[in-house]
Amino acid sequence: LAVAGVMGGIDSQIGEDTTDIFLESAHFDPVRVSIGGNLLGMVTESRKRFERGTDPTLPGRAADRAAAFMAELAGGEVAPGIVEFVAPGTLERRTITVRKTWIDGLLGVEIPVDQAASILGDLGFDIDEDSREGTWDVAIPPWRPDVIGEAHVAEELARVYGYDEVGSDSSLSGRAPAGPTHRQRFREDLRDALVKLGLYEVMTNSLVERDSLHPFIHDTRPVILANPRSEDQSELRRDLLPGILKVVQHNVRRQMEDVRIFEIGTVHSVESGRAEEEEWVVGALTGARWTEIWSEPQARVDWFDLQGIISALVASLDIDTPNSVPYEGPAVEPGSGGLLLVGEDIELGYSGRLAGWLQHQFNLEEPVWVFGMRLDCMQEHRSGVGRYRGLPRYPASDRDVSVVIAENVPIGKVLDRLRREKRVEQVRLKGEYMGEQIPEGMMGVLLGIRYRDKDKTLSDKDIDVLHTKTVEVLVNEFGARLREESVAGD
């Protein structure tokens, strides 16, 4: 007729023409109900109730009460007699040996014997009068399947006697360090930095449906729950990005189209047969760059906004400046992705424009710019506490240099190399050009370079020497060809 304790059958259900009812009232074994429900993938209210344990003495009383209600409220007639089956040992009361001195030591307070016996008696626990002094044989009431040991009896005593009566001992506090850990402080610094950059923090569910999306962190095996509450919460998330995109979708559907959000959270995967976890920060930007202004066209967020946030974030946290190399992954649109590297091969994270298939899946029309970074790598390559630098005492001199360079040379790598030169305070990309005057496979690049010496004012001759060396680095190390040169100002 049914899957015992889980789900009834269609042949035994009640319909509009039902007149005769055979009433069943039962107690089911919690372990069997849980196993059966898992094997069939069925999560029901009946299963939840029985697998937590019920009173095995209750079915008889429950059947009588239900039959009485049917007779009183529906005009039914209760047939005489009852068919009863009791599994061997089901109604036997369990007994636990409890040491009164052990409980007093555990709680740190001595509860008077008479009061302790009265508390347990009021809760349905029976104490054998023939128990030895200081040691009790306590019979557990059938409606308390959760009580299986001395500690549970101690908890019942403490609950009724009063937790405020239980003292504390500072000698038991241990040697745990006071205050937040290094990771907690870093997490707060990261959160503060992103909020100051105009992003809002969100928190999404760490439980997701089976085979859910994981475009940022692909090629991983999931951690599957053995006993999920529902089908859409059956595994631990492998990626924060899908949750972030659901938040974007939720806002856009409600005409909140300008979204800047981030989440700091843990992702899970199985590696070499073990469950592993890793903390990430993932963010998304879409919509207008700023609040609508009547006198100016409405600009939309783009690649420069994304890179500006990443640059400002690593600078505010004193993280080693990452290099960005082209990246082709399922999460980002081809040609827009960047793999963030610290050094030559340490992967910090990813950034780029959201791939078209993901935009379509989440019904997003506006471009969405996303980034994700590993917290372990960010914290490991944090320079430490920033140091105060006074205002420069001597003036700087700016020079521009225009070169033709191979199209496949990463400009970020060029900028990082020039910044390592002595007395070079700043290097920035001012423009690039590809057109008729530039050979195929090449591009024109205009760089702005600022020179400064902290101990003296640089003369024109000093600046000429420094600038010549800068040009030599571009020519010798990157194969650049000088196009034109000009002094931008002193």
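In which helix is serine 34 found? Serine 34 lies in helix α1, which spans residues 30–40; helices are DSSP runs of H or I with at least four residues, numbered from the N terminus. The structure is a predicted model, in which local features need pLDDT of at least 70, side-chain atom pairs count only at pLDDT 80 or more, and totals for chains, interfaces and linings use all residues. Residues are numbered from 1 along each chain as its sequence is written, and side-chain values use heavy atoms, with hydrogens and water left out.

Serine 34 counts as buried because its relative accessibility is 19%, where buried means under 20% relative accessible area, exposed over 50% and partly exposed in between (1.4 Å probe, protein chains only). Valine 33, also placed in α1, is buried with a relative accessible area of 3%.

In α1, the buried residues are Val33, Ser34 and Gly37. Viewed down the helix axis, the buried residues of α1 fall within an arc of 95°, so they line one face of the helix; the arc is that of the directions from the helix axis to the C-beta atoms. Val31, Arg32 and Leu39 are exposed on the other side of α1.

The cover over the buried residues of α1 includes α2 (45–51). Contact here means heavy atoms within 4.5 Å. Leaving aside neighbours within four places in sequence, serine 34 is in contact with Arg47 and Glu51. Not counting residues up to four places away in sequence, valine 33 touches several residues, among them Phe28, Arg47, Phe50 and Glu51.

Notes
Helices (H or I, at least four residues) and strands (E, at least two) are DSSP runs, numbered from the N terminus.
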